[in-house]
Amino acid sequence: MDGMNMDGMDKFGIGQPVRRKEDKRLLTGGGTYTDDINLPGQAHAAILRSPHAHARILSIDTTAAAAMPGVVAVLTGKEVAEDQLGLLPVQVDVPGVAGTKMFAPPRQILQTEFVRFVGDPVALIIAETRAAAIEAMEAVMVDYDILPSVTDTARALDADATVIWPENGTNLCVHWDSGRAAEADAGIAAAQTVVSIDLIQNRLVGNPMEPRVALAEWDGERFTLHSPTQGVIRVRESLAKIVFKMPLEKLRVISPDVGGGFGLRGKLFPESAMVLWAARRLGRPVKWRADRAETFVCDPHGRDHVTHAEMGFDTAGRITAMRVRTTAAMGAYLLDFGPRIPTLAGGRINGTVYDIQVLNVQVRCVFTNTVSTDAYRGAGRPETAYVIERLLDQGAAKLGLARDEIRRRNYIKPEQIPYTNAAGNHIDSGHFAETQGLALELADWAGFPARKAEAAARGKLRGIGLGYFIEASGGQPFEWARVHITAEGRAKVHVGTFSHGQGHETAFAQVLSQTLGFPYESIDLVQGDTDLVENGGGTGGSRSSQMGGVAVKRAGGMVLEKARRIAAHLLEAGVADIEAANGRFTIAGTDRAIGWAQVIAASLDRARLPAGETPGLDEQLVYKRDTECNFPNGAHVAEVEVDPDTGVVTLVNYAAVDDVGVVINPKLVHGQCHGGIVSGIGQAMLEHAVYDSESGQFMTATFQDYCMPRAGDAPDLKLGLNVVPCPSNDLGVKGAGEGGACGAPPAIVSALCDALDVAHVDMPLTPERVWRALRRSA
């Protein structure tokens, strides 16, 4: 303890570009991922999945598979029913128009009567090795009666479309209305100028670097599940309460290092329930790992909307009304939050950064014979921003205004903030016109004509585009943290959030180092184990810094106050006279001081504690706030070149200025911005999950068919920050992880349309799609 290094506090505090402390461990092979964990006596699981999009199961014969070498068991829905496992429910309720109810069909972990998408689980094979389980899977004989399917979102409600859930009588899950429909209708009818657009939000597959894994054990009284998540508390609650109907303390969930999340982790997955159930039934640990093709057909997908939207303007180019009609695919079953994403979640930012009150959005959530959709980076907000930004480009063209000017005329002004948007949410900070100006300057918007002329001389078409977004980051307005100072002089930070690549080991250490005046290198993060983390909302919606960070700061503050009381007792001074700074506790106006080492030692010795104090420096709290969200935002500018002969689009310049509030660590923020932008590049230019409209087969279940962005698909990204502190939390921070996924698609599509001089081209901007657009406009 006497060797504690108190130097460099300023170097590791809030706002400093500290290198990630976890990177050395992860980059040198020192990480521990779920697939690195193996338990004595474990068996391996493989899952037989439906090869058909829609079929009736006539029979399942497991006899041959069960007799194969190394096979331990072959389990089906028959055994699930015997053990009375709970059904997998949707965990939200979205209100329908005129009081209608959302249809939420039941879902078993293994299907016995019907399969409803390619990949629907039918049987669980357990063997001594993974190879043996996979081989035996091929021997399970299932007799299917193939039924018609519907995989096209736009056709799900057609009169002749097959109905996936006959008891519902329709493929409509719920028809949601944001409100103000009559006002929007009247506003569109009365507008001086009206523009409209039809667009598609392409279906995406999240594809974290680490595929899903589940390793389960049962000791006769208690389950333990090792699995990558975005927070262990919610996973434990769902499995314990819903599937196994057991007390929470009977199930432990552990998430070690996790290779990416993007909103896809942490759901109530049937595979997690399967391995736990199998481990209990067989009395031995069971491990399952998805391969990449399986990931494509078992992980939730994102987006998949078909939209018609209209926007009205007055003679000055100000928005007077907006009306949106969207059909959003849910897949065959409702996953945890599925119907909430295109409705209530995306609807939180209706109007985004523009002063629009006469606005109505209606969404028809529909069932299709596809993988379920749920939260994917941005979770509804990229879709909302994209619709508005595409409409503004149409309005600029029709009104003869520059695209930057039409936005400038419609931004919420600083004097209007706090601003209550059309959804009733209070936007508490933001300088939107200023942020746009900074982005245009960073992108050299004014110099674009010269670059366009130079490209034309080389036979290329060049375009520039602009996209502005606002996020609603946060969600679940509570978070838990514990700060415990050990006898060895280390600070253990227990948090209910979860890091799956964001750098929490670094950021939370910076927050606590500054709060306590404690050495950064002596701070350790504890997360991802329900035996060590007793509460918390996990990580999602870019909530960790604003919720977990504030909880850490407050718990650290409680530790510091106790340390000051102990220091005052040791120094025989009043608590009010103790100044804590740079790792020292000093009597104000004197040179009498002690350090953390002495305070820690005294905290563990009852004889040296002040009256009434308990031993140890160990404090925890649940941080709650009144507001659910805050509102990071940003202006993104993309510049593309197009080869008119081939339709190949190259992203040649990209600039973005984001407002994420106070910045804890600029390196981490820029890393999050880079990741979000590249996700947006993927949606805009490359990625598309495609089903065959006739057979319902999934056509893009490998990286040969589904194109992910690579380093060469992005130029050097020019990033800037416009720091507008958030007034609703102690740190002044806003979310930073999802903005790029919101800003990149509209900016890139705007740039492509500018290059081609066309109104709109749907994502992804593949060479064939662009080539066809060029021929249509010729």
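How far does helix α14 reach from its first C-alpha to its last, and what is expected at 1.5 Å a residue? In this predicted model, helix α14, which covers residues 504–516 and so has 13 residues by the run itself, reaches 17 Å, close to the 18 Å expected.

Of its 13 residues, 11 are buried, so the helix is largely enclosed by the rest of the structure; among the buried ones are H504, F508, Q510, V511 and L516. The cover over these buried residues includes the strands β22 (478–485), β23 (491–495) and β24 (523–526), together with the helices α15 (544–571), α16 (596–603) and α17 (666–686). After α14 comes G517, and its phi is positive, near 70°.

Now to the nonpolar cores. The largest has 106 residues, and the members touching the most others are M311, M322, Y354, F432, V642, Y654 and I748. Helix α18, residues 739–756, supplies the largest share of this core, with 9 residues. Apart from it lies another core, of 45 residues, including L560, A567 and F585. As for M322, its contacts beyond four places in sequence include A184, I188, M311, I356 and L391.

Finally, a glycine in another helix: G395 belongs to α10, residues 381–399, and because its relative accessibility is 0%, G395 counts as buried. Setting aside residues up to four places away in sequence, G395 touches V195, F313 and I406.

Note on methods: Residues are numbered from 1 along each chain as its sequence is written. This is a predicted model: local features need pLDDT of at least 70, side-chain atom pairs count only at pLDDT 80 or more; totals for chains, interfaces and linings use all residues. Side-chain values use heavy atoms; hydrogens and water are left out. Helices (H or I, at least four residues) and strands (E, at least two) are DSSP runs, numbered from the N terminus. Buried means under 20% relative accessible area, exposed over 50%, partly exposed in between (1.4 Å probe, protein chains only). Contact means heavy atoms within 4.5 Å. A nonpolar core is a set of buried Ala, Val, Leu, Ile, Met, Phe, Trp, Tyr and Cys residues joined through side-chain atoms within 4.5 Å. The expected span of a helix is 1.5 Å times one less than its number of residues.
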